[in-house]
Amino acid sequence: MSNAASPAAAAPRLAAAPTPTSVRVKASLTRRYRAERRFRAYGIVAILVALGFLVLLFSSIIGNGYSAFWQASLRLDITLDATAIDPDGTRDPDTLATADYAGLIREALSKRFPGVSGRDARRKLFGLVSQGGTYDLARMVSADPGLIGRTISVWLPLSDDADMLIKGHIPRDVAEAERRVSDQEIVWLDELAAKGDVEKKFNVRFFTNGDSREPELAGIWGATVGSLLTMLVTIAISFPLGVASAVYLEEFARKNRWTDLIEVNINNLAAVPSIVFGLLGLAVFLNFFGLPRSAPLVGGLVLAIMTLPTIIIAGRAALTSVPPSIREAAYGLGASPVQAVFHHVLPLAMPGMLTGAIIGMARALGETAPLLMIGMVAFIVDIPHGFRDPATVLPVQVYLWADSPERAFVEKTSAAIMVLLAFLIVMNAAAVYLRKKFEVRW
Amino acid sequence: MPIAVLLATLIGLTVAGYYMGRSRAVAVGGHGTRHLNSLPSYYGLYVAAWCGIPAVSIVVLWLALEPEIIRALLVATLPDVAGTWSDGTMALMLNDIRNLAGGNIVSRDVDPELRTAAEYYAFLRNTGFAAMAVVALAIAAGGLTYGRRAIHPDLRARNRVEGVLMVFLIISSTVAILVTIGIVLSLLFEAIRFFQRVSPVEFLFGLEWSPQTALRADQVGSSGKFGSIPLLMGTALISFIAMCVAVPVGLLSAIYMAEYAPPRVRSAVKPALEILAGIPTVVYGFFAALTMAPFLRDWGSQIGLSISSESALAAGLVMGIMIIPFISSISDDVITAVPQSMREGSLGLGATKSETIRRVIIPAALPGIVGGVLLAVSRAIGETMIVVMAAGLAANLTVNPLQAVTTVTVQIVTLLVGDQEFDSAKTLAAFALGLVLFFVTLVLNIVALTVVKKYREQYE
């Protein structure tokens with residue numbers, strides 16, 4: 001069009017370019033191909049950067065955390081002196097459980113290192129063994145009172161600092177004042193290790209204990225149970241509600257302003273920051289309805305509200321993918337609209353809905369911020385037994401441990417993250433499997 | 001747990017109702033079921049609905065209202081001085097009564113009056129529950145009888161049952177609206193209480209944030225400063241750094257995967273990037289605090305920069321990594337949605353592939369990409385755990401990414417975690433911040449979703 005309007009302007013330009021177009025194109029080709037290769041390289045670099053971060057993240061977590069699955073333990077010959085444990089000989093369970101086992105451990109250590117004297121040195125020596133050793137002995141004796149009076153050889157957990165030293169997380173080559181383990185303690189530990197009395201054992205406590213202030217005794221079982229209870233509440237509420245809303249909006253609702261509003265609403269809720277749901281939970285469930293703080297019940301409610309939009313959106317997508325011919329065939333055989341949906345369309349859409357639900361649950365399992373708002377960050381040692389008990393969940397446990405100053409909590413945190421990621425991988429794999437197995441291509 | 005027993009009984013009655021209704025329908029239908037209006041199972045469901053729904057509603061209603069009713073009855077019997085007690089004393093008193101009745105530890109000496117009150121409280125709870133149970137069971141039985149007697153061959157049981165089902169579906173679909181209303185109301189309500197103490201002008205335009213109110217009025221800094229500008233600036237700074245990482249990396253990898261990558265590479269890289277999206281944010285936070293921040297600090301001290309160990313840079317970088325898959329998957333979708341004819345037209349005119357992408361595809365996909373970036377910004381603003389763990393608490397008003405800044409979400413968490421009295425300006429400030437956060441992200445989301453939707457319609 002511009003050519004037609006101004007032929008005079010086009011003419012001189014042609015005249016100013018005596019070389020034919022093909023020559024000019026050829027001349028520019030090297031440059032253009034170089035630009036092409038460069039552009040491609042940008043893309044590859046971008047992908048490598050993203051994947052590099054992924055590798056860095058995983059290697060940093062695994063590198064920090066794998067050692068937490070082992071716990072350095074010390075073999076001690078302990079004399080279970082009857083006069084110290086059960087002076088009256090009643091074998092009363094209460095007496096057995098509360099006897100002074102720490103004293104017995106101290107005695108055994110003194111016997112092991114007879115040369116140690118002085119308050120400070122003795123305290124350091126006794127500090128090598130974790131408090132958990134006392135509980136272990138109490139449990140063993142309570143389970144089998146026949147042990148009293150005998151000398152037994154037991155493996156007791158070392159304290160967190162000794163554990164860190166043996167695992168190499170506390171460097172030996174820095175000045176004594178700069179590390180948490182003194183030279184004397186290193187000498188003792190090396191002596192014990194040389195005799196084969198220090199060994200790294202599989203850390204069962206990590207999987208069976210609740211939280212603890214002592215890193216070597218802290219475990220994730222309490223948080224795992226809390227997560228499980230919370231997820232049960234979440235799925236029990238969000239799945240039926242989500243499926244019902246998806247079915248209504250996709251199959252029955254007339255297109256009008258009200259349903260438009262609901263749609264906009266759901267899409268927005270899916271993008272609302274999770275912490276806002278926590279504020280809602282705090283204001284409504286805790287302050288208005290007076291539900292208990294820190295309870296899986298409230299956590300589950302908040303997460304259910306948060307995952308609801310995800311489930312609705314996935315459910316609607318699953319329903320849309322069922323072809324209309326299915327509905328029409330059902331109508332043709334005399335089914336009512338409700339029957340057509342509930343007997344034919346919904347079963348076919350179910351795998352897709354379940355996949356969406358599992359992905360929503362995986363997100364809820366990793367969510368932390370809203371649970372902080374409703375008080376699930378408390379330090380809770382006991383394993384929760386019900387939906388109203390105070391509890392914490394895995395990601396919050398990670399957050400709590402990450403805040404603890406002890407060096408040993410770094411590996412615990414990383415290990416807890418590994419467990420959390422394992423759960424997430426299993427859930428996502430289940431979702432992928434479901435999709436692959438039941439996906440129907442119409 | 002008597003409530004569980006009650007619910008189990010009600011469920012049992014409902015199931016019984018189903019079978020009774022079904023066999024009753026077969027019986028009144030005469031020979032076979034040919035003369036019935038609906039299938040027998042619908043008559044069963046009809047009776048079950050009459051039996052179960054009203055009774056369970058009563059139980060739920062009671063559970064929701066019980067604490068309020070009992071509290072009102074209890075307060076009425078407390079000694080006359082109750083009228084002069086402050087809310088706090090009253091709450092403490094009621095708490096003690098509840099604990100005493102439940103056999104727990106009480107915070108004061110148990111006098112006879114308290115004991116009477118506790119006994120009365122236990123009595124009220126037991127009587128109330130018993131009355132409710134009787135009423136619920138009676139209603140269930142009544143519903144069962146009524147439903148069963150209503151059955152005759154002309155009863156349009158299927159339509160009735162479907163009607164009930166439809167009501168359930170409609171109620172479920174309005175939950176989303178109720179949640180939004182709940183969020184807005186709860187935030188607004190608490191924020192208004194906050195603005196009664198601190199003027200909105202100071203909150204929105206104040207340059208200083210130090211919410212630490214002292215215990216006594218005569219201590220230093222007893223008033224607290226609630227200017228949100230430093231928090232908003234900090235949030236913007238960290239989100240900006242995150243976008244500087246996420247947009248180039250995400251966009252370029254999406255372009256490569258959509259236009260260049262062979263299918264095998266694509267099918268391997270795409271899930272790998274989605275893993276980044278599935279990692280919990282608390283893990284990113286730990287990574288930022290443990291690996292990224294010390295690394296940046298050491299690196300900075302080597303080249304002579306002083307980088308704070310809670311720098312905005314560390315939090316922003318890690319947040320950027322988190323957002324990469326978000327941007328790349330949206331961009332990938334929009335780029336593949338650009339019609340093939342546009343690519344072919346450009347290639348046919350002799351453009352190289354990268355020229356086609358830069359001059360044709362990106363401009364065509366731009367609205368969708370912008371929408372995706374806006375959604376990512378809204379996510380960055382609302383992201384909590386990374387900044388809680390890696391960014392600082394100090395509200396510095398700065399745009400220097402090497403210094404520590406704090407964000408809106410960090411402050412909400414620090415203000416609300418731990419035990420606090422609920423109506424101090426400090427805790428209420430969290431709700432005002434939440435309101436700001438909600439509205440900013442809401443506007444971003446609405447704009448982004450509209451842009452993306454418009455774009456989709458354009459090519460469909």
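Residues are numbered from 1 along each chain as its sequence is written, while chains are lettered from A and ligands numbered from 1 in the order in which they are written. Since the model is predicted, local features need pLDDT of at least 70 and side-chain atom pairs count only at pLDDT 80 or more, whereas totals for chains, interfaces and linings use all residues.

The model as a whole scores ipTM 0.89 and pTM 0.88. Chain B averages a pLDDT of 86, and 91% of its residues score at least 70. Within chain B, confidence is highest in helix 7 (residues 229-260), at a mean of 94, and lowest in helix 3 (residues 87-102), at 72; helices (H or I, at least four residues) and strands (E, at least two) are DSSP runs, numbered from the N terminus.

Chain A is divided into domain 1 (68-203) and domain 2 (221-438), with bounds that come from an automatic or database domain assignment. The C-alpha centres of these two domains of chain A lie 46 Å apart, and their contact takes 7 residues from domain 1 and 7 residues from domain 2. For chain B the assignment gives domain 1 (2-155) and domain 2 (225-459), whose C-alpha centres lie 49 Å apart.

The contact between the chains takes 65 residues from chain A and 68 residues from chain B. On the side of chain A that touches chain B, helix 3 (residues 21-65) of chain A gives the most, with 17 residues. This side of chain A divides into 48 nonpolar, 14 polar and 3 charged residues, where Ala, Val, Leu, Ile, Met, Phe, Trp, Tyr, Cys and Pro count as nonpolar, Asp, Glu, Lys and Arg as charged, and the others, Gly among them, as polar.

In chain A, helix 12 (residues 221-252) and helix 15 (residues 296-320) pack at an angle of about 35 degrees, with their axes 6 Å apart; axes are lines fitted to C-alpha atoms, for helices over the stretch in contact, and angles run from 0 to 180 degrees between N-to-C directions. The contact of helix 12 with helix 15 of chain A comprises 19 nonpolar, 11 polar and 3 charged residues.

In chain B, the axes of helix 8 (residues 263-278) and helix 10 (residues 312-337) come within 8 Å and cross at roughly 125 degrees. Helix 8 and helix 10 of chain B are therefore oblique to each other, given that angles under 35 degrees count as roughly parallel, over 145 as roughly antiparallel, 65 to 115 as roughly perpendicular and the rest as oblique. Here B:Leu273, B:Glu274, B:Leu276 and B:Ala277 in helix 8 meet B:Ile321, B:Ile324, B:Pro325, B:Phe326 and B:Ser328 in helix 10, a contact that has 7 nonpolar, 1 polar and 1 charged residues.

Key
Contact = placed C-beta atoms within 7 Å. pLDDT = per-residue confidence, 0-100.
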